[in-house]
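Have a look at the structure first, and then we'll go through them together.

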Amino acid sequence: MIVRSQIVGCGSYLPERIVTNDEIATFLDTSDEWITARTGIRQRHIAAEGEYTSDLAFNAADGALRNAGIRACEVDMIVVATTTPDKTFPATATRVQAMLGAEGGPAFDLQAVCTGFIYGLAVADSFIRLGQVDTAIVIGAETMSRLLDWEDRNTCVLFGDGAGAVVLKSNNHHGASGSGGRENLPRGILSTHLHSDGRFGDLLHVDGGPSSTGTVGTLQMSGREVFRHAVANLADVLEEALAANEMTPADIDWVVPHQANKRIIDGTMRKLGLGDDRVIVTIERHANTSAASIPLALDEAVRDGRIQPGQILLMEAMGGGMTWGAGLARW
């Protein structure tokens with residue numbers, strides 16, 4: 001018997017306020033045409049004053065639990081992937097745990113920026129496979145707008161706020177490992193693949209922190225270099241995930257990518273030889289929500305019926321660090 005973790009529910013939350021490119025153009029030297037052509041973004045959601053990352057995370061997690069038909073008291077572990085925690089400490093996950101009423105189990109934050117959800121998925125999957133927990137919530141939640149210099153048109157137009165969550169539950173599978181053909185694959189997380197290279201940390205970072213400056217700082221990015229690393233690293237890790245499961249791109253029903261830049265998504269898909277009809281894209285309406293972008297896109301595609309039981313999903317992301325990773329799952 002092989003223990004796997006299966007995604008049994010998903011949920012998402014977006015703040016009410018929407019900021020369009022045209023609105024940004026009223027206070028910056030930019031335009032909707034300029035932003036859309038370079039990024040694919042037309043609007044983003046911005047958290048209200050007094051609305052915190054924990055609020056976004058709670059709403060997404062609550063929706064995921066309701067979608068799964070699981071009570072909060074049944075949750076054994078909560079992982080919140082975020083680079084914008086409510087406080088330096090305690091972990092935002094503990095606040096979400098209290099809000100949900102899921103007491104007693106481990107709750108902690110994980111920081112891998114835009115790759116955070118994939119890292120969180122890998123951690124929760126490992127806990128379940130080892131039999132240490134039965135049910136876990138993985139949340140990607142960000143208030144990226146609080147890290148932006150709204151006078152820098154090269155960065156402030158790229159990001160938005162939001163949260164997405166999945167409920168993972170152990171799924172005991174009898175028989176073979178599942179490799180060697182998709183018809184033999186069990187439902188659940190098939191594999192995760194994580195990487196980082198700290199030599200390139202300065203390409204995408206926030207110039208502040210409690211240990212270095214005592215301030216929060218704002219987001220700084222070398223856009224062209226980030227783009228170059230993103231396309232190469234994402235293509236490599238996707239091929240790694242496919243090879244580990246004896247698959248080819250033709251076996252994939254949907255790619256659910258981190259929504260950083262439409263050109264990065266397009267470049268990665270070209271390297272895989274896959275068309276637009278196999279990728280879930282929400283960047284036009286959500287912008288880059290960092291760790292929240294994959295579960296936000298996943299929940300939308302599940303709710304609108306594109307993702308169906310038995311389909312193969314390939315999730316991928318790259319973020320500051322540099323970090324990157326992929327996860328392969330059968331829905």
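Is Arg 306 buried, exposed or partly exposed? Arg 306 counts as partly exposed, because its relative accessibility is 27%. Keep in mind that we're looking at a predicted model here.

Now for the partner. Arg 306 and Glu 300 join their side chains in a salt bridge, 3.5 Å from N to O. Glu 300 is buried, since its relative accessible area is 14%.

The structure has 14 salt bridges, and here are some of them:

| Salt bridge | N to O distance |
|---|---|
| Arg 17 and Glu 23 | 2.9 Å |
| Lys 262 and Asp 266 | 2.7 Å |
| Arg 306 and Glu 300 | 3.5 Å |

Take Lys 262 and Asp 266: the two share helix H7 (residues 262-272) and sit 4 residues apart, about one turn of the helix. Lys 262 is partly exposed at 25% relative accessible area, and Asp 266 is partly exposed at 21%. As for the other pair in the table, Arg 17 is partly exposed at 46%, and Glu 23 is partly exposed at 29%.

The charged end of Arg 153 lies over the ring of Trp 34, 4.4 Å from its centre. Likewise, Arg 263 has its charged end over the ring of Phe 227, 5.6 Å from the centre. How many aromatic pairs does the structure hold? The count is 0.

Methods. Residues numbered from 1 in each chain as written. Predicted model: local features only at pLDDT ≥ 70, side-chain atom pairs only at ≥ 80, totals over all residues. Heavy atoms only, no water. Phe/Tyr/Trp six-rings, centres within 6.5 Å; stacked < 30°, edge-to-face > 60°. Lys NZ or Arg CZ within 6 Å of the ring centre and 35° of its normal. Salt bridge = Lys/Arg side-chain N within 4 Å of Asp/Glu carboxyl O. Buried < 20%, exposed > 50% of the residue type's maximum accessible area, 1.4 Å probe, protein only.
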